[in-house]
Amino acid sequence: MVNLILKDVLIQKKLILFYIATIILYLFIDVSLVMIGFLYSMAFITMSFSYDEKDNANILLNSLPYTRKEIVSSKYIGSLVHTLLIISITYIGNFFLNGKEVLFLWKDILLIIGLVTVALSFILPICYKFKTQSLMIGVGTLFGIYMVAIKFFTPSLKETLKKPIQKFMTLQETQMYFVAILTIIILYVGSWLVSIRIYTRKVF
């Protein structure tokens, strides 16, 4: 399974340099670290799916001594590893470029991991059921609807969405953190099981 996780890194070895260069650019113009961590983690993970589809890697993977459960599990475990990799690049880069006194803000890191796992809980089963291209079309359509809704119907929607995130950043109660983390874990594991079920029924 470790080899499957490494495979997703190696197939993007040229893109990793692009990721680092653009992350540094965004750090220079002071873009939110949470935003950078979330977007680049999602880009890295969805791109690995795109490469698998492009090169028909699933046919090759199923000819190797891996069970389909292991192939799906490698994506879910690998997604967390890749997210931590992107977070490390972002925060270390921010430390050296901007000289922040605090290298790691655990609330920011938890928020990035939480946002990524919640998003992947919905995205990964879709990727296993359909093509990644369909996912991109769906996300693009939803983003267009979101922008139109903000401009013409609910100008305060953007501020409304910010409130739950800002509230999370100011949380103090341990119980609320515990409930949030437990909810995310249940959602992620549930998505994991659904993806295994979908993938084991696919015909390549």
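A salt bridge here is a side-chain nitrogen of Lys or Arg within 4 Å of a carboxyl oxygen of Asp or Glu. Before we use that, a word on the source: this is a predicted model, where local features need pLDDT of at least 70, side-chain atom pairs count only at pLDDT 80 or more, and totals for chains, interfaces and linings use all residues. Residues are numbered from 1 along each chain as its sequence is written, and side-chain values use heavy atoms, with hydrogens and water left out.

By that rule, the count comes to two salt bridges. Start with D8, which pairs with K75, the closest N and O atoms being 3.1 Å apart. D8 lies in helix α1 (residues 2-10) and K75 in helix α5 (residues 68-98), so the pair ties together parts that are 67 residues apart in sequence. (Helices are DSSP runs of H or I, at least four residues, and strands are runs of E, at least two, numbered from the N terminus.) D8 also forms a salt bridge with K7, where the closest N and O atoms are 2.9 Å apart. Together, K7, D8 and K75 are linked in a network of salt bridges.

Are D8 and K75 buried or exposed? Buried means under 20% relative accessible area, exposed over 50%, and partly exposed in between (1.4 Å probe, protein chains only). D8 is buried, at 1%, and K75 counts as buried too, at 7%. Buried residues make up 34% of the 204 residues in the chain.

Now zoom out. The chain has nine helices and zero strands. Contact means heavy atoms within 4.5 Å, and among the contacts in the chain with a separation of 6 or more, residues 24 or more positions apart account for 82%.

The axes of α3 (residues 33-54) and α6 (residues 106-129) come within 9 Å and cross at roughly 25°; axes are lines fitted to C-alpha atoms, for helices over the stretch in contact, and angles run from 0 to 180 degrees between N-to-C directions. That makes α3 roughly parallel to α6, since angles under 35 degrees count as roughly parallel. Residues that meet across the pair include F38, M42, I45 and F49 in α3, and L111, L115, I123 and Y128 in α6. By class, this contact has 16 nonpolar, three polar and two charged residues, where Ala, Val, Leu, Ile, Met, Phe, Trp, Tyr, Cys and Pro count as nonpolar, Asp, Glu, Lys and Arg as charged, and the others, Gly among them, as polar.

Technical notes: Angles under 35 degrees count as roughly parallel, over 145 as roughly antiparallel, 65 to 115 as roughly perpendicular and the rest as oblique.
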